[in-house]
Structure formats: structure tokens, C-alpha cells
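I opened the model to look up its salt bridges and its chain contact. My notes follow in the order in which I took them.

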Amino acid sequence: MSGETTPIVGGATQSWITLAAMIIVGALALVSLYMGFQAYGNEEIEIAFMYMIIGTSGFIAIGYAFFRPKPTSMDPLKPKKFDVITTLECPQCNLKRVRAFQRGDYIYKNDEPCTRCEGKMIITSIHTRKEEKKK
Amino acid sequence: MSLLQPDNEIGMILQTLFSFAFIVYLFYAQRIQAMTMLRQIETTLRKIKVLRDEGKTTAIETINEIGKPERDPTPMVERFMEHFMIEPMSMDPAGVVGKLGSILNVREFTFEKEVEVMAPNAEPSERNNIENLLEASLALNIFYKVIRHYYLLGKKTMNIYIIMQIHMILPLILQQIEAYSSALTAFKDGMPIGDGVGAIVAAKLLNGAETREVAKEMVAGEIEYEGRRVIITKARGPGGSVGKPGDAVTNLLNENKGNVTMLITVDAAGKLEGEQVGDIAEGVGAAIGGPGVEKYKIEQAATEHNIPMYAVAIKQGIEHVVAPLVEPLFEATDKAVSSVKGLILDYSKEGDTVVVAGIGNTVGVAQ
Ligand SMILES: [Zn+2]
């Protein structure tokens, strides 16, 4: 199972090809636009119009390739880290204490001595810390 | 006019290229689309592989840490991750729930045994957690293999419909996979999870009352509330387990034959986009998820004894269900407790007996 049988094509080469294609298309679109303006200057409106369409569609294509959501650059789906806190309360003196979660903690566990009196503290809640506001 | 001549040559080339691009797009648009989708699937697949491997290593690490096995658990974990279950034939649906139930029992038994062999030195509650951890890794492995299957099949056939099928549900699958990867953290250390809200509500209602075992991995306790006798049942914590709430409720109803006024189930429920995490909703019926066997048993028992079923749902997103419990959900359990108490006051009289079942995985929650 660990011996992967299916090589997955690398993404790096593909992005090079895309970049080269984008540069070529961009150059052609520029030339086309230039010629369109020239034709416009020569008052050949129809020809100018055609060149301009070619030129702008070239730029639109580049823009699309550039701004479309790229799956390759998405955030790497790493296992999330959680900030979990445990709240302990002493039923005798009402002392409340909050600390980081430790393995073995569970809600209603009561074997931790109270730091203020003789009693045992009870874990009353375990939850993740409030999430920070999302950007 | 002579200036125009070279311009026209470039113009010709440009025009040809443009027309050519147009024609190419006309015939190959679908293929280009298929390739784009394949690439997106491929990226996702790579991420899922990372998570799947993470699941495996987490499981092995935890077993080594807690179980202190004498030999390397890796081959056993690898074997476990390929475990499968064949669902019973449902062409003739009579009795299919029982068949599914017995298959699930065997599955459970097998998992318990496997974990016992893998981690002989772990305590029972830790064993439950390891079992859950392994199940999460198993789920991640299956996700990975199914998506890989469609990816490779799509690549081989270049059939856009095969590629589309998997591409369409990719965002939903990603959500589930992210959820399972958070489950690894929770089960590794035995933290309460979002699905445990029902168990927490039950534990809060019990409030330290004495409990006894009523069914496999199920405990029940009794409290007095405003003159009513309230019997509360939940899975036995703090190890990760959902228990057999169906059996527990059936046994409790049979014990108090005819004397139960109402049955309340409390469970986590999937929220719709736009609903708040930790919203409480009240309704009727049996609030319980899973393969359906336990739900069937509860409904069967309630119908047999003619007991009305009430339900309290605590809303949460798919990303919360198996992830470490978030604060709004913990706060919601207090609201759910008062909701349950309100239901008891509204629909029962003094001297009545009420059964409350806290459904869900009780990992990290005692009673
Ligand atoms: Zn104290």
C-alpha cells in the first residue's frame, strides 16, 4: 500500500508551459492591437475592428489563465492544529482554573487536587479556544 | 500604400492563428475542460494522500505510545486500513435491519479484538479511542482509493462524464476529508468531539448520579426533576464509543413496562449553511444517526410501548462532527439541557417517568 503504483504528473513542468504559452499569446495580441490601431489610423475601420477583436480576445485569454482559481496554489491541506483548553472547578471553594488540554483529561474527571483547599477539582469543560475572526 | 504590404503578411498570420485557435477550441473544448478538471482532481488527490498517510502514522504512533506493543504494529495497521464491510442484500428487505445489525456487531467485535492485539497494554477507554482513530484512518484510506480510482479511470478513458462525476462532488469530499483529519487529533488524545454534545447533555443531566450498565457500553442513571422520575442513558465514557442506544432504550422501556410517559433523544444534527453552530431545535421522532440499526430499535420499542418520541437537535457543521469540540457547541449543551427540561415540564405530569437518551460519541466525556 505504501509503495505507490501510480506516478502523478508533477505540476512544475506544466506551469512552465503555461507561462510560455501566455507570453506568446500576449506578444501576438500586442502585435494585433498595434496593427489594429494602425489600420484605424489608415481609416480602414473593418480591418481595424478585426485586429482589435483578435488582440483583446488574446488578452482576455491571458487574463482568464492568470486569474482563474489555481488548484495548485491552494492552501496545502495540512492537518489542523487545535488549541484545546480544559477548565477545572473545585466544588468546595469554587476555585476555577484553565489550562491546556492534556491526554487523559475528560469531562467530569475528578482526580486533580485543588490548589487552594483539600478538595478535588472536577473538569467541567473541554473545548477549543474561540477561533480568531476569519480574515 | 506600400507600407501596408508587410503589415498584411503579419495580418494574414494573425488571422490564420486566430481562426485556427477558434477551430481547435470548437473541436477540443471538451477535452481541454476534461484536462483542467483532471488537474484539479489530481491536486486534491495529492492532498488526500498526505492526509491518509498522516492518519496512518498517527495511528501507529498512538498505538506505540499508549499500547506499548511488543512488535511493530505497522503491518497490522496497514491490514486494518483495508478492512471492509459487505452490506446485506436488500432486494428482499424484510429483516434487513437485523442482518445489518449482526454484521455491524461482528465488525465491532473484530475491531475490538484487533485493537486488543495491537495495543495489549492500553486501558479499555484508550482502546476505544485507538479503535476510533483507526476507523478515521480507514475512512481516509477509502476516500483516497475511491478518488484515485476515478482519477485514473478518467485519465485512461478521457471520458468527460467519468471525470465530471468526481469533479462535481470534490468540494463536498474535501470537507469530509478535512473533518476526518481533525478527528485524528481528537481521538489520538481522547478529546470530546462535536458529535459528543448529546453525551455531554446526558452527563450534565445526570450530574454525578449513580449509573449502571443497561446495554453494551451503555450506562443509565436516575434523577428526580420537578416530581418526575427521569432516567438518563448515554454511552459509557470517557473512551470513544457510541454504545448501543437502541438496546439501552429498549431495555429501559421494557423494565418500566407501560410506565414511561415520554422518550427524549438528544443528538447532534447537521446544520444547513447559514444556520448558527450550536443552534438548538426541538422536534419529534428519534434523533439518532449512524447506519440506522439503533434508530430502528428505538422506534420499534417506542411504538411497541406507545410512547411519544421527542427530539432535541444541536446544530453543527460537517467540519465539527468529529473535530475537537468548539466553544459554541459546549455552550449549546447548557441550552439543550434547559430545552430537555422544558420538554419534560411541558409534556409530562408529576409522578411520570421520562427516558432521556444522549446520543453520540462519548469520547472525553464521563458520566
Ligand atoms: Zn478547592
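I started with B:Glu294 and B:Lys297, which both lie in helix H9 of chain B, 3 residues apart, about one turn of the helix. Helices here are DSSP runs of H or I with at least four residues, strands are runs of E with at least two, and both are numbered from the N terminus. The two side chains meet in a salt bridge at 3.0 Å, N to O. I used the rule that a side-chain nitrogen of Lys or Arg must be within 4 Å of a carboxyl oxygen of Asp or Glu.

I noted how the model is treated: it is predicted, local features need pLDDT of at least 70, side-chain atom pairs count only at pLDDT 80 or more, and totals for chains, interfaces and linings use all residues. Residues are numbered from 1 along each chain as its sequence is written, chains are lettered from A and ligands numbered from 1 in the order written, and side-chain values use heavy atoms, with hydrogens and water left out.

Which other residue does B:Lys297 form a salt bridge with? I found B:Asp247, with the closest N and O atoms 3.0 Å apart. This pair links distant parts of the chain, since B:Asp247 sits in helix H8 (residues 245-255) and B:Lys297 in helix H9 (residues 293-304), 50 residues apart.

I then checked exposure (buried is under 20% relative accessible area, exposed over 50%, partly exposed in between; 1.4 Å probe, protein chains only). B:Glu294 has 13%, so it counts as buried. B:Lys297 is partly exposed because its relative accessibility is 23%, and B:Asp247 is partly exposed at 25%.

Next I turned to chain A. I found A:Arg97, A:Arg99, A:Asp105 and A:Glu112 linked in a network of salt bridges. Within it, A:Asp105 and A:Arg99 have their closest N and O atoms 2.7 Å apart, and both residues are buried. Over all chains the count comes to 25 salt bridges.

How many salt bridges lie between chain A and chain B? I counted 2. In one of them, the side chains of A:Arg103 and B:Glu65 meet at 2.7 Å, N to O. The elements giving two or more residues to the side of chain A that touches chain B are helix H1 (12-41), helix H2 (45-67) and strand E4 (120-128) of chain A. H1(A) gives the most, with 6 residues.

Last, I recorded the extent of the contact (heavy atoms within 4.5 Å). It takes 45 residues from chain A and 57 residues from chain B.
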